[in-house]
Amino acid sequence: MLDACQDAETRAWVPLPLPYTRDSAEFFVRSYCPHGLASHRYTVWALHLATGGRMLGALEVRRDERAGSASLGAWSGPWARGRGYMREALVAVTRHALDPHGLGFDRLNWEYVPGNESSRRLAEAAGFTFVEGIRSVVELHGEQREALVGTLRRDDVGL
C-alpha cells in the first residue's frame, strides 16, 4: 500500500494525502476500510494474486445518494499495470455489486477525469459506457476537475 501510493502515476489520479506516509497507509487499512464495511457505505477490496504476495491494487464500491446506485474507483501499483489483473478484478467486483444476492445495486458509475486514459480503457473493458452529456465535478488535489461518468447497469451484465 505504502509503495504503490508513492508512485507518481497513482498520485496523479488518486486523491491521496500528501505526503503519503506509513501512518496514512495504516489509517487506510486499519480504520477507513473497516469503517466502510461497518457503516455499509463503501467496501474496499485489496487485489492480490491467488498465490499471495505483494498487493497489486485496490477497488472501492461506494454507495451513492441515489437509491440502488454506487460509484467505483480503483488503482494498481506500477508493478501490476498492463497485466490484466485489474480488469479481471473489476469485472468480478462489478458483477458482485450488481448481483441481487451480492451488494444488490442496480447501477454503477465510473468517473473518468480526461487525461487518465488508462482509467477510461479499464472501465470500458469492464462494460461501462460513457455518454458525452453525463458529467460530474470531482476534487483532485484541491482542484475542481470535470469528469465524464460511465455507467453499467444490472441489465447490461444479464443479472
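Modeller: His-141 counts as partly exposed, because its relative accessibility is 40%. The classes are set by relative accessible area: buried means under 20%, exposed means over 50%, and partly exposed is in between, with a 1.4 Å probe and protein chains only. This is a predicted model, in which local features need pLDDT of at least 70 and side-chain atom pairs count only at pLDDT 80 or more, while totals for chains, interfaces and linings use all residues. Residues are numbered from 1 along each chain as its sequence is written, and side-chain values use heavy atoms, with hydrogens and water left out.

The backbone of His-141 deserves a look. Its phi is near 55°, a positive value in a residue other than glycine. His-141 sits in the loop between S5 and strand S6, which covers residues 143–153.

His-40 counts as exposed, because its relative accessibility is 60%.

Now follow the chain past S6. Arg-154 lies in the segment after that strand. At 17% relative accessibility, Arg-154 counts as buried. A polar atom of its side chain lies 2.7 Å from the backbone oxygen of Leu-98. Setting aside neighbours within four places in sequence, Arg-154 is in contact with Leu-98, Pro-100, Gly-104, Phe-105, Asp-106 and Leu-159. Contact means heavy atoms within 4.5 Å. The C-alpha atom of Arg-154 is 7.3 Å from that of Asp-99, and 55 residues separate the two along the chain.

Gly-127 lies in the loop between helix H4 (117–125) and strand S5 (129–140). At 31% relative accessibility, Gly-127 counts as partly exposed. Gly-127 touches Thr-151 and Leu-152, with residues up to four places away in sequence not counted. Its C-alpha atom is separated by 34 Å from that of Pro-19, at 108 residues along the chain.

Pro-19 has a feature of its own. The peptide bond from Leu-18 to Pro-19 is cis, with omega near -5°. Pro-19 lies in the loop between H1 and helix H2 (22–39).

Helix H1 itself spans residues 8–13 and holds Thr-10. Thr-10 counts as buried, because its relative accessibility is 4%. The Thr-10 side chain makes a polar contact of 2.7 Å with the side chain of Arg-81. A polar contact is a pair of N or O atoms within 3.5 Å; within protein, one must be able to donate a hydrogen and the other to accept it, and residues adjacent in sequence count only if both atoms are side-chain atoms. Beyond its neighbours within four places in sequence, Thr-10 has contacts that include Ala-4, Leu-16 and Ser-76.

Now the whole chain. It has four helices and six strands. Their order along the sequence is α-α-β-β-β-α-β-α-β-β. The radius of gyration is 15 Å, close to the 15 Å that the globule rule gives for 159 residues, so the chain is as compact as a globular protein of that length. That radius is taken over C-alpha atoms, and the rule is 2.2 Å times the number of residues to the power 0.38. The C-alpha trace spans about 40 × 35 × 30 Å along its principal axes.

Of the 159 residues, 40% count as buried. Among contacts with a separation of 6 or more, 50% come from residues 24 or more positions apart. The accessible surface comes to about 9000 Å², and carbon and sulfur atoms hold 51% of that area. These areas come from the Shrake-Rupley method with a 1.4 Å probe, and for residues only the protein chains shown count as cover.

Last, the charges. The chain has 19 positive and 20 negative charges, and their mean positions are 3 Å apart. Lys and Arg count as positive, Asp and Glu as negative; His and the chain ends are not counted. Each charge is placed at NZ of Lys, CZ of Arg, CG of Asp or CD of Glu.

Key:
Helix = DSSP H or I, 4+ residues; strand = E, 2+ residues; numbered from the N terminus.
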